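Biologist: I'm new to this one and could use a guided tour. Could you show me how to read its features, one at a time?

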Amino acid sequence: MTTEIRPYWKNYIGGKWVDGSEDGRLAVTDPASGQPICEVARGTARDIDAAVAAARACFDSRALLDMPPHERGALMFRIADELDKAADEIATVECFDNGKTLANGRGEIPLTQRYLRYYGGMADKLEGRQIPLGAGLLDYTIHAPYGVSAQIVPWNGPLPVGARSIACALVTGNTVVLKSPEDSPLSLFLFAEACERAGVPAGAVNIVCGLGAEAGAALAAHDDIDHIVFTGSVETGKSVLRAAAERVIPCVMELGGKSGGIVFPDADLDQVAASAAAGIFKHAGQICSAGSRLIVHRSIYDQVVARLVARAEALSVGPGIEGCDLGPLISARQLDRVEALCRVGVEEGATLATGGTRVTGLDGFFMAPTVFTDVRPDMRIAQEEFFGPVVVVIPFDTTEEAIAIANGTDYGLAAGLYTRDLTLAHTVADRLVAGQVYVNQWWAGGVETPFGGMKRSGYGREKGQEALLGYVQTKNVGIKL
Ligand code: NAD
């Protein structure tokens, strides 16, 4: 079932729903039609000030800190339960402000609930250490929260990406100010409503929508935040890091990728094609860990390309709400960018096996699923992130060459390989410089598996048990008995 989109949404600060302090509003556009669908309050530096003050007051009140950890965990379970009540509305807004397919929009809810329940279950299991110092001394460590965690979220998966960071922050006793993405802010407002109904203390979670250069920059540079979680592009990440350096505060950086999967000659080619197509065409390629490069042994190159092209051409392109396979890109600007980079690929000498241009005859921002062949690893299309449904297929002859190509970009978010040979799989997985390596299935892994980048893809980990350690600092207590 789908629901009506509410015409106007307010920010959630200090447990209250508020207009933008300067009365501004931002229009939200449906990328499948190019038409505005609603407005949201425009958060500016003043709203960020108010949100940080509310988060600070809540942290200082010890409302969360004095709550036994298992109760903080129970709070996550209650938020997860509350999301059920908003399931239809969340699926609808994910289609309309984000361009997801209805199936993907629906899928965001159980995924988000799993994050909440996973970290809720860990709330009372983050244990310190007792360090032996000999007779007369007792020494132990405490996982202390940072304080106010500032979180900046991209538009492509705001609900699960936002919720997993918020859950980690709350169960460890931090409070949160989250700057939601201006292009797709709606699902996080519904998340804030779930927090409110679940009884999250006022000020513990604050959600402010605003422009990146305005509200985002103001949050990253705020004097009274203690910790930053940034998910987005490398360029914005660098500016956030510069702001954090001024105040020497720690950051978790989840940035972009140009992830490559290596296909060895013994791989199951039908499985490769299915996995590679899902890896690049899901959410029209607008996923940081999309498999945007396929590095294929020359002996099977043509067979792999033929299978991939057949899958690309079989996809229906259109509004997600109509059940199409491939939805729009988020904006006209992003469509222009992806199309322009495709033109660069042709100028560089690569061949378009299919796609390469926008889809005509549709009102929204639709890009044809695209496969490039005859690609050299040094071409721009093999180095730069498209963030669109474009995969480049690069041939290789030796395993060493394949590893060098896979590792040969600035990024290190994800990598993959396809083979039936277990020894080869383990050996190559060890050599790939990426935060996660998928063998025989793109995105093998899930809520429980640590996720994050190497090299320019960032540092720190989200998901899995490791993520919690990014939200606490070790405090040591030494006692002379
Ligand atoms: P973006 O960097 O443009 O924006 C991300 C967020 O930062 C948005 O909320 C935006 O408003 C905000 N922002 C923009 N300018 C800012 C500034 N000067 N100061 C502070 N905040 C600012 O990225 P995007 O286009 O929204 O998302 C796409 C990028 O995000 C891609 O590179 C993608 O790979 C990456 N991404 C990474 C992950 C991951 O987990 N590694 C997940 C999703 C997306």
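This is a predicted model: local features need pLDDT of at least 70, side-chain atom pairs count only at pLDDT 80 or more; totals for chains, interfaces and linings use all residues.

Modeller: Let's begin with a sheet. In general, the strands of a sheet pair through backbone hydrogen bonds, in either a parallel or an antiparallel sense. Here, seven strands make an open sheet with mixed pairing, ordered β14-β15-β16-β13-β12-β18-β19.

Biologist: Which strands stand at the edges?

Modeller: Those are β14 (351-354) and β19 (436-439). Each has a single partner strand, so one side of each has no neighbour in the sheet. Going from one strand to the next, the twist averages 25°.

Biologist: In which sense do β12 and β13 pair?

Modeller: Parallel: β12 (residues 259-263) and β13 are joined over five bridges. Take Val 263, whose bridge partner in β13 is Val 296.

Biologist: And which helix packs on the sheet, touching β12, β13, β15, β16 and β18?

Modeller: That's α9 (residues 269-281), and its direction makes about 155° with that of β13. There's also α13 (residues 399-406), which lies across β12, β13 and β16 and runs at about 150° to β16.

Biologist: Let's zoom in on a residue. Is His 297 buried or exposed?

Modeller: The way to read this is by relative accessibility, where under 20% means buried. His 297 has 17%, so it counts as buried. This residue lies in strand β13 (residues 291-297). Setting aside residues up to four places away in sequence, His 297 touches Val 263, Pro 265, Phe 396 and Asp 397.

Biologist: What about Lys 475, at 46% relative accessibility?

Modeller: Lys 475 counts as partly exposed, because its 46% falls between the 20% and 50% cut-offs. You'll find Lys 475 in strand β22 (residues 472-480). Beyond its neighbours within four places in sequence, Lys 475 is in contact with Tyr 140, Thr 141, Ile 142 and Ala 144. Thr 141 is 334 residues away from Lys 475 along the chain, yet their C-alpha atoms are separated by 5.5 Å.

Biologist: Last one: how do I read a pair of helices, say α4 and α5?

Modeller: Look at the axes. Those of α4 (residues 102-122) and α5 (residues 158-171) come within 9 Å and cross at roughly 15°. Angles under 35 degrees count as roughly parallel, so α4 and α5 are roughly parallel to each other. The crossing is right-handed.

Biologist: Which residues of α4 and α5 meet there?

Modeller: From α4 they include Leu 111, Tyr 115 and Tyr 119, and from α5 they include Leu 159, Ala 163 and Val 171. By class, this contact has 10 nonpolar, two polar and two charged residues.

Notes:
Residues are numbered from 1 along each chain as its sequence is written. Side-chain values use heavy atoms; hydrogens and water are left out. Helices (H or I, at least four residues) and strands (E, at least two) are DSSP runs, numbered from the N terminus. Buried means under 20% relative accessible area, exposed over 50%, partly exposed in between (1.4 Å probe, protein chains only). Contact means heavy atoms within 4.5 Å. Axes are lines fitted to C-alpha atoms, for helices over the stretch in contact, and angles run from 0 to 180 degrees between N-to-C directions. Angles under 35 degrees count as roughly parallel, over 145 as roughly antiparallel, 65 to 115 as roughly perpendicular and the rest as oblique. A crossing is left-handed if the near helix is turned anticlockwise from the far one by less than a right angle, and right-handed if clockwise. Ala, Val, Leu, Ile, Met, Phe, Trp, Tyr, Cys and Pro count as nonpolar, Asp, Glu, Lys and Arg as charged, and the others, Gly among them, as polar. Two strands pair if DSSP finds at least two bridges between them.
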